[in-house]
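Colleague: I would like to learn how to read a model like this one. Could you walk me through it?

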Amino acid sequence: MCGCKSCWIQNSDKEYDPEKNDEVKEQCVPDDDLVNINVSGTMYITSYTCLNMFPNTLLGNEERRKQYYSEKLGAYFFNRHKPCFDSILHYYQTGKEAPPLNVDPDVYAKEKEFFGIKKKREVAVFIPEGGGSDGIDCVNSCRMKVHNFLQDPRSSSLAAVWHGFDILFICISIAFMVLESEKTYEDHFTNKKKTSSYYKPLFVVNCIIMGFFTTDFMVRLVTWPSLLDFWKNLFNVLDILSILPFYVNLMVDDNTDSDIAGEDNKQHYVVLRVCRIFRIVRIFKFVRHSRDLLIIMKAVSNAKRELILLMCLLFIFVITFGSIMYYIEATANPDFDSIMKSCWWVIVTITTVGYGDMYPLSVGGKLFGGFVLTLGIVFLALPMTIIVSKFSFVYEREKM
């Protein structure tokens, strides 16, 4: 057996497991292996090999799927939910679930049930001494209920309350971070002068908020189906980055006193500043609670190639014209005394910001500056049209 998917299906009566058989090789799909699937008017084309990897599902079982075949359409026809089928087909292709962002979880669950797709059995956290499967199923069931509770506010009324508190605490923590930067209120949060009567109550509120965030994070970690997948999730990484500064700040504050040597005090100060910068990521916790923001992030992710193209064009443009402007203005204008400063001027000019902090003085510099401004608008507009078009396409498709 060569190791390709076709040989796996032909030589094994077991269902293909993409995690255990991660070395299965892709191969070109022959014409007789292609299959057309029409879902509410949208045509999808995949392979029988891809479907047959999951014989216990509707599309993976020849006897079950043939009743949906339409001679008129020359395809299997399903009058089902189209946005959900993108995720259904993704499961057949990869063996992994990718639930649609903008679809009600109950709708997606019904579509999975129709196509016979069942969640993989999760690894149990605790196995009783008796070793019975009932104990494993019970633990897994509890884990999934808690996981859904934290992930979906619509799973229960209590989940909606929990998510409501999460949003409230995010707002309060961000407000604390902003007010702390004001000289008038700084002592209420840092108590450097040891005179503020508001420090203790505000500190208690902050501890309650961070305790809530920490509990939420730890429960997510324990109930997440896979530890590796947990750390692959961007929002989980952002969560721990928003929590750690609080605990680091406590440890550093305890060791930062007036009698500490000056050099050590400076190091502690730098650590505190870095921790306070990382608190900014708390704002991104809002994204978890908004499907529209998640759709926008997915749309941006799908346009990453175009964005990289834009950055490459911008880099070439800035370096080229910044260098030219430097050699034109260097002798007549002290503001353009390096290529780096000239590149700064090019960026400000082509983005039409125009700070006015530096500008060409010579006739040649002014003429070239006008050329840079005009060409820059056109130069940036070309890739932007592609990016906007793709973004709109992905956004509208996800909103269906």
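**Reading the model**

Modeller: Let's start with cysteines: a search of the whole structure turns up zero disulfides (pairs of cysteine sulfur atoms within 2.5 Å). This is a predicted model, where local features need pLDDT of at least 70 and side-chain atom pairs count only at pLDDT 80 or more, while totals for chains, interfaces and linings use all residues. Residues are numbered from 1 along each chain as its sequence is written, and side-chain values use heavy atoms, leaving out hydrogens and water.

Colleague: Is Cys 343 buried or exposed?

Modeller: Buried means under 20% relative accessible area, exposed over 50%, and partly exposed in between, using a 1.4 Å probe and protein chains only. Cys 343 is buried, at 7%, whereas Cys 171 is partly exposed, at 39%.

Colleague: How many helices and strands does the protein chain have?

Modeller: There are 16 helices and four strands, taken as DSSP runs numbered from the N terminus (helices: H or I, at least four residues; strands: E, at least two). Of the 400 residues in the protein chain, 35% count as buried.

Colleague: Which residues of helix 5 are buried, and why are they on the same side?

Modeller: The general idea first: an α-helix has 3.6 residues a turn, so residues three or four places apart point the same way. In helix 5 (residues 105-114), the buried ones are Tyr 108, Glu 111 and Lys 112. They share a side because they cover an arc of only 100° around the axis, judged by the directions from the helix axis to the C-beta atoms. Their cover includes helix 4 (82-94). The face turned away from that buried side carries the exposed Asp 106, Lys 110 and Glu 113.

Colleague: What does the side chain of Glu 111 meet in a salt bridge?

Modeller: Side chains of opposite charge can pair when their charged atoms come close. The cut-off here is a side-chain nitrogen of Lys or Arg within 4 Å of a carboxyl oxygen of Asp or Glu. Glu 111 pairs with Arg 80 at 3.0 Å, N to O. Glu 111 lies in helix 5 and Arg 80 in the loop between strand 4 (75-78) and helix 4, so the pair ties together parts 31 residues apart in sequence. Arg 80 is partly exposed, with 27% relative accessibility.

Colleague: How many salt bridges does the structure hold?

Modeller: Eight. One of them joins Asp 239 and Lys 285, with the closest N and O atoms 3.0 Å apart. Salt bridges that share partners join Asp 239, Lys 285 and Arg 288 into one network.

Note on methods
Contact means heavy atoms within 4.5 Å.
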